[in-house]
Amino acid sequence: MTRNNNVEKAIFSIFLPTIRNNMNTSTTFLSIKIESVENTLSKVIAKIKKLGVKILNGVFILNGDNSGKLILMIDYSGAEYDISQIVDILREKFNLEVEYGEKRLGNFLLPLYSILRIEGRGEYERTLFQNVMLRNLFYVLKKTWGVVGNIFMYHAGTKAGEITAHELSKNMNSGNLKDLLEYLFELWRLDGFIEDYKLQMDEAGFKVSFYGMFGYDSRSMDIPAFYVKGFLSGFVSEIVNKKPEIIMNEENTRVDYKVRYLQTNMNKEYILL
């Protein structure tokens with residue numbers, strides 16, 4: 001497919017969206033479905049800039065039929081229109097599907113959608129290759145070691161959870177378990193490791209349900225579920241300094257984890273709160 005210079009400049013002068021810190025209320029994400037790259041992409045970007053919108057970063061993922069998806073992190077504080085008006089202008093002028101929105105967790109800004117679920121090339125292909133390798137690892141461990149593979153992945157997950165909790169609490173400057181869990185699960189959702197989750201906190205612990213866990217199949221591929229069980233154990237113990245008891249329940253493509261905090265008594269025995 002032939003591309004003119006304007007299109008190539010539009011594609012390669014923007015960058016993959018990242019989770020950002022300290023964003024103001026006028027920062028959000030735009031998602032635009034582009035029907036014809038050569039005829040539309042550079043014009044859309046030019047129009048966005050003309051409206052006084054600052055493009056912070058973004059990604060364009062190209063499909064094989066000359067269409068694609070443009071995802072931009074923008075700051076519209078300098079524009080004379082609000083975000084809903086900007087979206088309406090783009091929809092009317094180019095007759096395109098345009099959506100906007102973000103999720104805020106503390107000082108962090110996250111997109112509402114996973115870039116990895118957009119079919120295309122470039123970053124998607126690289127991440128897809130990594131995910132295939134991970135899926136194959138789960139498969140080989142299960143086929144070769146059976147239930148022993150579950151034990152191995154549980155302990156590997158425990159250590160990974162401890163390290164992640166330390167780094168995440170440091171980066172977010174927070175020791176609040178609920179905030180850290182929500183942030184972690186949003187990262188998993190955006191990365192494609194899970195399709196969705198539901199988190200319920202209470203005084204004794206929490207319950208989390210994961211839907212569409214990557215590489216998981218309750219009939220033969222439960223290793224990812226045991227890795228997550230270990231990860232949650234290490235993560236929670238690092239944050240609250242209490243050993244957790246975790247009950248795992250598998251149902252089709254949903255995996256539930258009921259986590260209860262344990263407290264150490266004088267005899268070093270764990271009792272359930």
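**Strands and a helix residue**

Modeller: Strand E3 (residues 54-62) is largely enclosed by the rest of the structure, because seven of its nine residues are buried. Buried means under 20% relative accessible area, exposed over 50%, and partly exposed in between, with a 1.4 Å probe and protein chains only. Strands (E, at least two residues) and helices (H or I, at least four) are DSSP runs numbered from the N terminus. This is a predicted model, where local features need pLDDT of at least 70, side-chain atom pairs count only at pLDDT 80 or more, and totals for chains, interfaces and linings use all residues. Residues are numbered from 1 along each chain as its sequence is written, and side-chain values use heavy atoms, leaving out hydrogens and water.

Colleague: How many residues lie between E8 and E9 in their hairpin?

Modeller: Strand E8 (residues 196-202) is joined to E9 by seven bridges, and the strands run antiparallel. In E9 (residues 205-211), five of the seven residues are buried, and Ser209 of E9 stands opposite Lys198. The number of residues between E8 and E9 in the hairpin is two.

Colleague: Which residues is Thr158 in contact with, leaving aside neighbours within four places in sequence?

Modeller: Thr158 lies in helix H5 (residues 147-172). Thr158 counts as buried because its relative accessibility is 16%. Contact means heavy atoms within 4.5 Å. With those neighbours left aside, the contacts of Thr158 are Gly230, Phe231 and Gly234.

Terms used
Two strands pair if DSSP finds at least two bridges between them.
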